[in-house]
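Here are my notes for your read-through. Please keep the structure open beside them and check each point as you go.

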Amino acid sequence: RPAPGGPGGRRKSCHFCKDKVAEVDYKNVNQLRRYISEKGKIRNRRITGACRRHQRQVAVAVKRAREMALLPYVEPR
């Protein structure tokens, strides 16, 4: 398994840890859109660069925002 700085390139740092965010807010829709693909799926940690803790919070926040109809479940065609 290659090291984080090895052949695969540098590891992305967590956006939330940089800004010292304790809790991800489901009402901040513009921030959550960064973690959703064009089809409406939640992007994984490898792509977003979020740490494990914040990625889990993002997933819960996206699901809550979808339930409140702030974010769509699927993007319309």
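1. Start with Glu 38. Its relative accessibility is 63%, so Glu 38 counts as exposed. Its salt-bridge partner is Arg 43, and the closest N and O atoms of the two are 3.1 Å apart. Arg 43 is partly exposed, at a relative accessible area of 23%. Side chains of opposite charge can pair when their charged atoms come close. The count here is 1 salt bridge. Bear in mind that this is a predicted model.

2. Now the overall layout. The protein chain has 4 helices and 0 strands. Along the sequence the pattern reads α-α-α-α. The chain has 77 residues, and 29% of them count as buried. Take the contacts with a separation of 6 or more: residues 24 or more positions apart account for 59% of them.

3. Next, the core. How many residues does the largest nonpolar core have? The number is 13. Phe 16, Val 24, Leu 32, Tyr 35, Val 58, Val 62 and Leu 71 have the most contacts inside this core. Helices α2 (29-32) and α4 (52-67) each supply at least two of the core residues. Helix α4 gives the most, with 4 residues. Look at Val 58 as one example. Leaving out residues up to four places away in sequence, Val 58 touches Phe 16, Val 24, Leu 32 and Tyr 35.

4. Two of those names return as a ring pair. A pair of aromatic rings is described by the distance of the centres and the angle of the planes. The count is 1 aromatic pair. Phe 16 and Tyr 35 form this pair, 5.5 Å centre to centre, with 25° between the planes. The pair is stacked, because planes under 30 degrees apart count that way. Phe 16 sits in helix α1 (residues 15-18), while Tyr 35 lies in the loop between α2 and α3 (45-48). The two are 19 residues apart, and the pair links distant parts of the chain. Both Phe 16 and Tyr 35 are buried.

5. Is His 54 buried or exposed? At 1% relative accessibility, His 54 is buried. Setting aside neighbours within four places in sequence, His 54 contacts Cys 14, Phe 16, Cys 17, Val 21, Ala 22 and Val 24. Gln 57 is also found in α4. Its relative accessible area is 14%, so Gln 57 is buried. With neighbours within four places again left aside, the contacts of Gln 57 are Ala 22, Glu 23 and Val 24.

6. Finally, the cysteines. A disulfide is a covalent bond between the sulfur atoms of two cysteines. The count here is 0 disulfides. The cut-off is 2.5 Å. Cys 17 is partly exposed, at 41% relative accessibility. Cys 51 is partly exposed too, with a relative accessible area of 22%.

Note on methods: Residues numbered from 1 in each chain as written. Predicted model: local features only at pLDDT ≥ 70, side-chain atom pairs only at ≥ 80, totals over all residues. Heavy atoms only, no water. Salt bridge = Lys/Arg side-chain N within 4 Å of Asp/Glu carboxyl O. Buried < 20%, exposed > 50% of the residue type's maximum accessible area, 1.4 Å probe, protein only. Core = buried A, V, L, I, M, F, W, Y, C linked by side-chain atoms within 4.5 Å. Contact = heavy atoms within 4.5 Å. Phe/Tyr/Trp six-rings, centres within 6.5 Å; stacked < 30°, edge-to-face > 60°.
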